[in-house]
Amino acid sequence: MKIFVDDGSTNIKLQWEEAGEVRRAISPNSFKREWAVSFGAGQVFNYTLNSENYSFDPISADALVTTNVAWQYSDVNVIAVHHALLMTGLKPQPVDIVVTLPLAEFYTRDNQPNQENIRRKQENLLRPVTINDGETFTIRHVDVMPESIPAGFSVVQDMDEFDSLLIVDLGGTTLDISHVMSRMRGISRIYGNPKLGVSLMTQDVREALAVARTKGSSYLADDIIIHRNDDDYLRRRINDTSRLELIKETLRESQTRLVNRVTEAISSFEGYSHVMVIGGGAELIAGAVKEHCRVREDRFFRSANPQFDLVNGMHSIG
């Protein structure tokens, strides 16, 4: 079986075929260094890799930070991919996987595939993982694709010869922008910023939550960002509700800073006829990107599930 895996720093997205149907899954990254305590009927996921113990924990304030480029080659990346595979509901078995690397990691400064980084990624994920009182998947082969570019596969197929697509991919850690020619005939230009992602907002929100006596994981902070316009939800999540306006102001200000930095990066691109916004942060920037690029309404693309755009393109190509 071949499984396509967009192993982003915030969530792992998967797509595969089973019984003639295309299936999807998403799994959040929130792991700590130590095993979790089992209690009652609830299932715990306690892993071991490289003589270290890890467990999935969506609420721990001690959850390991995954919003950095080092995550791509780390132990916790391997754990997260194996955990996501288990979340598919598939029986553990030998599988081939296709994963991703940010543009700044996949390509060299000369815009050529960085074979050293690709090899590091492959070797990292080929390491076996064990789970306490359970069975994990065996990853027998790893292919690596660049982020953002595959997401535009279906869009560029129907473009005219002189059309081109600008793909803006905002993830948890990185901003990837690629200028793709029609019908995937080539890549005009790429840009990768490994230090600009939704984590810019996540860190600010975590600090504001701590002031509101709600210290928690990055997963919690990201959930706050998702529900930033729902006051009732925010009140249920925040311990000190007198700080609610502080949280909302932090959300607004950090989103504005994120949007400004993304549009500044886009400003260096010219000559595109279509624009596509994808990734976990797409909803945060889509409106501003559309206004900034000023393309026709029918030439701006943002799907209902932008987190799955990349893995869907990977599956279509693969």
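Visitor: What volume does the second largest pocket have?

Guide: This is a predicted model, and every value here is computed from it. Rolling a probe the size of a water molecule over the atoms shows where empty space is left. In this structure, the second largest pocket has a volume of about 190 Å³.

Visitor: Which residues line the second largest pocket?

Guide: Its lining includes Ala36 and Ser38, then Gln43, Val44, Phe45 and Asn46. Leu86 lines the pocket too, as do Ile131, Asn132, Asp133, Gly134 and Glu135. Sorted by class, that lining has 5 nonpolar, 5 polar and 2 charged residues.

Visitor: How much space lies in the largest pocket, and which residues lie nearest its centre?

Guide: The largest pocket holds about 670 Å³ of space. Its lining is made of 35 residues, and those nearest the centre are Asn11, Gly279, Gly280, Gly281 and Gln307. Two or more lining residues come from each of strand 2 (11-18), strand 10 (164-170), helix 6, helix 9 (282-293) and helix 10. Helix 6 gives the most, with 5 residues. By class, the lining of the largest pocket has 10 nonpolar, 14 polar and 11 charged residues.

Visitor: How many cavities of 30 Å³ or more does a search of the whole structure find?

Guide: The search finds 1 cavity of that kind. About 150 Å³ of space lies in this largest cavity. It has 15 lining residues, and Asn29, Thr66, Ser218, Tyr219 and Asp222 lie nearest its centre. Helix 5 (199-211) and helix 6 (218-226) are the elements that give two or more residues to the lining. The largest share, 3 residues, comes from helix 6. The classes in the cavity lining are 4 nonpolar, 9 polar and 2 charged residues.

Visitor: Now the cores. Which residues touch the most other members of the largest nonpolar core?

Guide: In soluble globular proteins, nonpolar side chains tend to be buried together. Here the largest nonpolar core has 48 residues, and Ile3, Ile12, Leu14, Tyr47 and Ile97 touch the most other members. Helix 1 (residues 75-87) gives the most to this core, with 8 residues. A second, separate core has 38 residues, among them Leu196, Leu200, Ile238 and Ile266.

Visitor: What is Tyr47 in contact with, leaving aside its neighbours within four places in sequence?

Guide: With those neighbours left out, Tyr47 has contacts that include Phe31, Trp35, Glu52, Asn53 and Tyr54. Further contacts of Tyr47 are Ile79, His83, Leu86, Val129, Thr130 and Ile131.

Visitor: Which residues of helix 3 are buried, and where do they fall when seen down the helix axis?

Guide: In helix 3 (residues 115-125), the buried residues are Asn117, Ile118, Lys121, Asn124 and Leu125. Viewed down the axis, they fall within an arc of 130°, so they line one face of the helix. The cover over these residues includes strand 1 (2-7), helix 1, strand 7 (94-101), helix 2 (103-106) and strand 9 (138-146).

Visitor: Why does His315 count as buried?

Guide: A residue counts as buried when its relative accessible area is under 20%. His315 has 15% relative accessibility, so it counts as buried. His315 sits in helix 10 (residues 309-317). Leaving aside neighbours within four places in sequence, His315 is in contact with Phe4, Gln15, Glu17 and Val22.

Notes: Residues numbered from 1 in each chain as written. Predicted model: local features only at pLDDT ≥ 70, side-chain atom pairs only at ≥ 80, totals over all residues. Heavy atoms only, no water. 1 Å grid on protein atoms, 1.4 Å probe; cavity = no way out; pocket = protein on both sides within 12 Å on 5 of 7 lines; lining within 4 Å. Points joined across faces, edges and corners; volume = space filled by probe spheres on them. Helix = DSSP H or I, 4+ residues; strand = E, 2+ residues; numbered from the N terminus. Nonpolar A, V, L, I, M, F, W, Y, C, P; charged D, E, K, R; others polar. Buried < 20%, exposed > 50% of the residue type's maximum accessible area, 1.4 Å probe, protein only. Contact = heavy atoms within 4.5 Å. Core = buried A, V, L, I, M, F, W, Y, C linked by side-chain atoms within 4.5 Å. Arc of directions from axis to C-beta.
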